[in-house]
Amino acid sequence: MPDTIVKTMPLEPIWQTPDPFLFCVHHLDFYPKANAQLGPDASLQGHQLGQDFMPSNGDDWRMYHGQTMPGFPAHPHRGFETITVTTQGLIDHADSMGAAGRYGNGDTQWMTAGKGVQHAEMFPLLDEAEPNPLELFQIWLNLPSVNKMVEPHFTMFWSEQTPQLVSQDESQRETRVKIVAGDLEGLNALAPPPDSWASGADNEVAVWIIDMDANAQWTLPAASSGLNRRLYYYDGAGLSLDEKFIPLNHCIDLISDRSVALKAGEQGAQLLLLQGRPINEPVAQYGPFVMNNKAELQQAFADYQATQFGGWPWPEAEQSHGKTQGRFARYADGREEQP
């Protein structure tokens, strides 16, 4: 029988992903207490505002493109989807459709950029007395050519509604799997946006956060053949897959139609699984636009210059929703919801 593991590779700052995914970023920042502007109450000396992608001066946090508060001020996308999975901290969303939201601490936002949208993703720091840690994954999922120019759309998966598998091994050690996309042992993820590659059941798109207790054992079940299936091992020590040791900060490509036995070490293990049937189409990407060829990229830039993808209806590029606002989502049609 073939080995379950195809290959193992070190993780890069931007995690490389197989088709149908485009890339994944793991943001982990230990922000200090907040100031009155929802930013860090700390010196920004050494932080290259607008290009602050590496911790500076011993700080273990970044401003990214933010000038006042951390995050990513208004910027455009076309031709793919963003899946933003949070574990701690808050994100303020605003977009050119007039939609808005505040989410975090286990919530997921799934946005189909389609024919073009501007959005801001800011990280408001609300606690002025204690640190404001933030952890999230942003995953880019490609759209097939037939759906590149669909209407933009976003949906919110609240933590309270997101299914989680809790499995105990023979020693009662737990493995918890948060199911953002896909099905696992009879649990079905919330429905993805209608034009997503993940909306086709045959594509078997899965996005799972796997959290294993110290020394826990769990078997990742087999899926169909022909899928791209990759595990990202980003926290813990002593993980083994089918009794093969896996170093921390590595990703593992697996044969999709075989199960694999996971065993965590003394510090437990945290992993992200990305899986899906490849789209198998050409990818032409330049910055925030992902199309199928160079001519379509040129058209994307021309369209954005001409229309700004609907413009920016908010007073600030670093749009936030204030200090007292709770978690909410307000959609382009005016519908509003809370967890």
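This note goes through the fold, surface, cysteines and backbone geometry of a predicted model.

1. Basis. The model is predicted: local features need pLDDT of at least 70, side-chain atom pairs count only at pLDDT 80 or more, and totals for chains, interfaces and linings use all residues. Residues are numbered from 1 along each chain as its sequence is written, and side-chain values use heavy atoms, with hydrogens and water left out.

2. Fold and dimensions. The protein has one helix and 27 strands (DSSP runs numbered from the N terminus; helices are H or I with at least four residues, strands are E with at least two). Its radius of gyration is 20 Å, close to the 20 Å given by the globule rule for 339 residues, so the protein is as compact as a globular protein of that length. That radius is taken over C-alpha atoms, and the rule is 2.2 Å times the number of residues to the power 0.38. Along the principal axes, the C-alpha atoms fill a box of roughly 60 × 50 × 35 Å.

3. Of the contacts with a separation of 6 or more, 74% are between residues 24 or more positions apart (contact means heavy atoms within 4.5 Å). Buried residues are 54% of the 339; buried means under 20% relative accessible area, exposed over 50%, and partly exposed in between, with a 1.4 Å probe and protein chains only.

4. Surface and charge. The accessible surface is about 14400 Å², and carbon and sulfur atoms hold 48% of it (Shrake-Rupley method, 1.4 Å probe; for residues, only the protein chains shown count as cover). There are 21 positive and 43 negative charges, with mean positions 3 Å apart. Lys and Arg count as positive and Asp and Glu as negative, without His and the chain ends; the places used are NZ of Lys, CZ of Arg, CG of Asp and CD of Glu.

5. Cysteines. The disulfide count is zero, a disulfide being a pair of cysteine sulfur atoms within 2.5 Å. The cysteine sulfur closest to that of Cys-24 is in Cys-251, and at 10 Å it is too far for a bond. Cys-24 is buried at 0% relative accessible area, and Cys-251 is buried at 4%.

6. Backbone points to check. Asp-19 and Pro-20 are joined by a cis peptide bond with omega of about 20°; Pro-20 sits in the loop between strand 2 (14-15) and strand 3 (21-31). Asp-242, not a glycine, has a positive phi of about 50°. Asp-242 is in the loop between strand 19 (240-241) and strand 20 (244-245) and is partly exposed, at 31%. Phe-309 also has a positive phi, near 50°. Phe-309 lies between helix 1 (294-307) and strand 26 (328-330), in the loop, and is buried at 9%.
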